[in-house]
Amino acid sequence: MSVEDLAHRAEQLGLDAILLSENFTLRYEYGLPPLRQLLRVAVSYPSLLDYGIERYLREVRDTQARHPNLLLIPGIEAAPFSYWTGSLLTGDLTLHDTQKNLLVFGLSEPAQYRGLPAQGNPWSYQLDGVSLVSVTVPVLCLLGGIGVVLRRRRAIRDGHSLTVGPGWVALATALFLFGLSGAWAAWPPGHTAFSAYDGQEGYAPYQHFIDQARKSGGLTFWSMTEARDFTTRDFGPLGTVTVRTDPHPEALILTKNLSGFGGLYQEAHHVVDPGGLWDQLIEQYARGHRPDPPVMLGEIAFHSLAQAKKDLDQVLTVVSVERRSVPSLMESIRTGRLYAVERQKPGYSLRLDTFALQCASVGSVAMMGDVVDPAQCAQATVRIRVSATDGGEHPITVRVVRASQVVSTTAGHTPLTADVVDTVRPDEPTAYRVLVTGSGELLSNPIYLRPTETRP
């Protein structure tokens, strides 16, 4: 769907904003050893780099102007790195991690996108001696072939046709064809900082990408880390290639300087379970070991209305903003003032009307994303109210999680109100969050209790 079609559909559903995630680049190549940069085959699918960054940003701006009541946030989905194992000769050639995706939001200038280090993004490639030779040799052959032809034509024009015989014609043709095919195969020149033929790079390529996106001012999120992708593709005489991406939830722990991750989507997702990886990240932030809160978003892998009966409102991220503007929305996302909700039945979804932490000693009230000093909150009351958008009574279970443990479970029907009183140690960094299951699923981001000395 075009950006215009997405905006139109969002307005039909009563949505306030869309975070776009266009495929950044979908170019893959395989080179034959030992001349991988010269003898290579490339496959490319439609992506943002093919479409044009300036064209994309202009389209978003123009669509925004036609839909002033809807906020459009340009963004990308990028798989910065993939690698090969196996061989065409043995029939087990496999391309790994084409769906190990990161989402980036908040970049507004074409140069910021061009600077993102990803396979298939030639602006981010590095040039070295091998790269220059891979391009220079074919170009010289191409020019040599053209030179022989021009020499023959000049000889014929001057009446010396015997100067250039059939052998020279064959040589010129060979040089021309080799040069043309070689230059085509070697273009664009250069390569990424990480080899696609080395599966031991780990998360270094992703960290490189995250750091560059952060340097440019973007917010970066891991996308659907527990989803699995496996396909086989027939390339005719070249054989069959397997393309696979295994679940990779460990990415949340093994990368840093991240804004967060997609935690609620229409596939299995266990990192958000009590005591899971998300709680480890929450604890790291509460103890001052991570610079930014690990924000959890809802994701819907939506491509069109014809795709598996999906629609834009089946998974929503509900954001609390001070003003209806892009900067205010991005700041609320950065600080985690949001919850995610999945609609499992048509007609309604769950709504988190209240999630607040009240400290008895000072009477202050904190909301999602807020940070409270535990020394000033010896006794805390977690106030929760969950309702349904249709105003009906639907069965739900509300759980409150603190320090990886469920400290309260309340079952009932919407609208459901619960007050959970808890004792807080003044020297204990921790956080409260809410999980709601039953008639759909709802996950809040935390309210943090973080000692003042651990804050930046």
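Colleague: How many residues of strand E16 (residues 338-342) are buried?

Modeller: Let us begin with the terms. Buried means under 20% relative accessible area, exposed means over 50%, and partly exposed lies in between, with a 1.4 Å probe and protein chains only. Strands (E, at least two residues) and helices (H or I, at least four) are DSSP runs numbered from the N terminus. In this structure, five of the five residues of E16 are buried, so the strand is largely enclosed by the rest of the structure. The model is a predicted one, in which local features need pLDDT of at least 70 and side-chain atom pairs count only at pLDDT 80 or more, while totals for chains, interfaces and linings use all residues. Residues are numbered from 1 along each chain as its sequence is written, and side-chain values use heavy atoms, with hydrogens and water left out.

Colleague: Which residues point one way from E16, and which the other way?

Modeller: Leu338, Ala340 and Glu342 point one way, whereas Tyr339 and Val341 point the other way; all are buried.

Colleague: In what sense do strand E15 (residues 315-319) and E16 pair?

Modeller: Two strands pair if DSSP finds at least two bridges between them. E15 and E16 are antiparallel, with five bridges, and Thr317 has Ala340 of E16 as its bridge partner. E16 also pairs in the antiparallel sense with strand E25 (residues 441-444), over four bridges. There, Tyr339 has Ser444 of E25 as its bridge partner.

Colleague: What is the order of the open sheet of four strands?

Modeller: The order is E7-E8-E12-E11, and the pairing is mixed. Strand E7 (83-85) and strand E11 (229-234) are the edge strands, each pairing on one side only. E11 is joined to strand E12 (residues 240-245) by six bridges in the antiparallel sense; in this pairing, Phe230 has Arg244 of E12 as its bridge partner.

Colleague: Which cysteines does a disulfide join?

Modeller: In general, a disulfide is a covalent bond between the sulfur atoms of two cysteines. The rule applied here is a pair of cysteine sulfur atoms within 2.5 Å, and the count comes to one disulfide. Cys359 is joined to Cys377, with an S to S distance of 2.1 Å. The pair links distant parts of the chain, 18 residues apart: Cys359 is in strand E17 (residues 350-359), and Cys377 is in the loop between strand E19 (371-372) and strand E20 (379-388). Both Cys359 and Cys377 are buried.

Colleague: Why is the disulfide of Cys359 and Cys377 left-handed?

Modeller: The torsion about the S-S bond is about -95°, so the disulfide is left-handed.

Colleague: How many salt bridges are there?

Modeller: The general idea is that side chains of opposite charge can pair when their charged atoms come close. A salt bridge is counted when a side-chain nitrogen of Lys or Arg is within 4 Å of a carboxyl oxygen of Asp or Glu, and the count comes to 20. Among them is the bridge of Arg324 with Asp16, whose closest N and O atoms are 3.4 Å apart. This pair links distant parts of the chain, 308 residues apart: Arg324 is in the loop between E15 and helix H10 (326-335), and Asp16 is in the loop between helix H1 (3-12) and strand E1 (17-19). Asp16 is partly exposed, at 47% relative accessible area.

Colleague: With which residue does Asp370 form a salt bridge?

Modeller: Its partner is Arg337, and the closest N and O atoms are 2.8 Å apart. Asp370 lies in the loop between strand E18 (365-366) and E19, and Arg337 in the loop between H10 and E16, so the pair ties together parts that are 33 residues apart in sequence. Asp370 is buried, with a relative accessible area of 17%, while Arg337 is partly exposed at 30%.

Colleague: Where do Arg383 and Asp419 lie?

Modeller: Arg383 lies in strand E20 and Asp419 in strand E23 (residues 416-423), so the pair ties together parts that are 36 residues apart in sequence. Their side chains meet in a salt bridge with an N to O distance of 2.6 Å. Arg383 is partly exposed at 31% relative accessible area, and Asp419 is partly exposed at 47%.

Colleague: Which residues are linked in a network of salt bridges?

Modeller: Arg351, Asp353 and Arg385 form such a network.
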